[in-house]
Amino acid sequence: MADVDSHEFRFQCPNCGGELRQTIRRLKASEHMTCSGCHVGINIDTNRLANAADEIHKAIDKVPSEITIKFFR
Ligand SMILES: [Zn+2]
């Protein structure tokens, strides 16, 4: 079965609306990422992410859409 850590999240950049992709492994490794489109810093709520990863364990096809995304500067 699929490795959850390598599951890829897709979400929209809250700044430019571009599609972003990040694996759970990468999100766990660093608390923030940078949009490849507009280079804004995006902070992922890792507590939510832990829950999300758990949800994915239960239903690999059903990616939660409620991951909190925040800007940071
Ligand atoms: Zn962007």
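A salt bridge is a side-chain nitrogen of Lys or Arg within 4 Å of a carboxyl oxygen of Asp or Glu. In this predicted model, the count by that rule comes to two salt bridges, and the structure also holds a zinc ion with four donor atoms and a nonpolar core whose largest example has twelve residues.

**Salt bridges**

- Glu8 forms a salt bridge with Arg21, and the closest N and O atoms of the pair are 3.8 Å apart.
- Because Glu8 lies in strand E1 and Arg21 in strand E2 (residues 19-23), this pair ties together parts that are 13 residues apart in sequence.
- Glu8 is partly exposed at a relative accessible area of 37%, and Arg21 likewise counts as partly exposed, at 43%.
- Glu19 forms a salt bridge with Arg10, with 3.5 Å between the closest N and O atoms, and Arg10 counts as exposed at 53% relative accessibility.

**Zinc site**

- The protein donors of the zinc ion are the SG atoms of Cys13, Cys16, Cys35 and Cys38, which lie 2.3 Å from the ion.
- The site is tetrahedral, with angles of 106 to 113 degrees among the four donor atoms.
- Cys13 lies in the loop between E1 and E2, and Cys38 in the loop between strand E3 (32-34) and E4, so this pair ties together parts that are 25 residues apart in sequence.
- Cys13 is buried, with a relative accessible area of 3%, whereas Cys38 counts as partly exposed at 28%.

**Nonpolar core**

- Among the twelve residues of the largest nonpolar core are Phe9, Phe11, Ile24, Leu27, Ile42 and Ile44, together with Cys13 and Cys35.
- Strand E1 (8-12), helix H1 (24-29) and strand E4 (41-44) are the elements that each give two or more residues to this core.

Terms used: Residues are numbered from 1 along each chain as its sequence is written. This is a predicted model: local features need pLDDT of at least 70, side-chain atom pairs count only at pLDDT 80 or more; totals for chains, interfaces and linings use all residues. Side-chain values use heavy atoms; hydrogens and water are left out. A nonpolar core is a set of buried Ala, Val, Leu, Ile, Met, Phe, Trp, Tyr and Cys residues joined through side-chain atoms within 4.5 Å. Buried means under 20% relative accessible area, exposed over 50%, partly exposed in between (1.4 Å probe, protein chains only). Helices (H or I, at least four residues) and strands (E, at least two) are DSSP runs, numbered from the N terminus. Donors are N, O and S atoms within 2.8 Å of the metal (3.2 Å for Na, K and Ca); water is not among the atoms, so sites may look incomplete. Four donors count as tetrahedral if all angles lie between 85 and 135 degrees; four count as square planar and six as octahedral if opposite donors are over 155 degrees apart and all others between 65 and 115; anything else is irregular.
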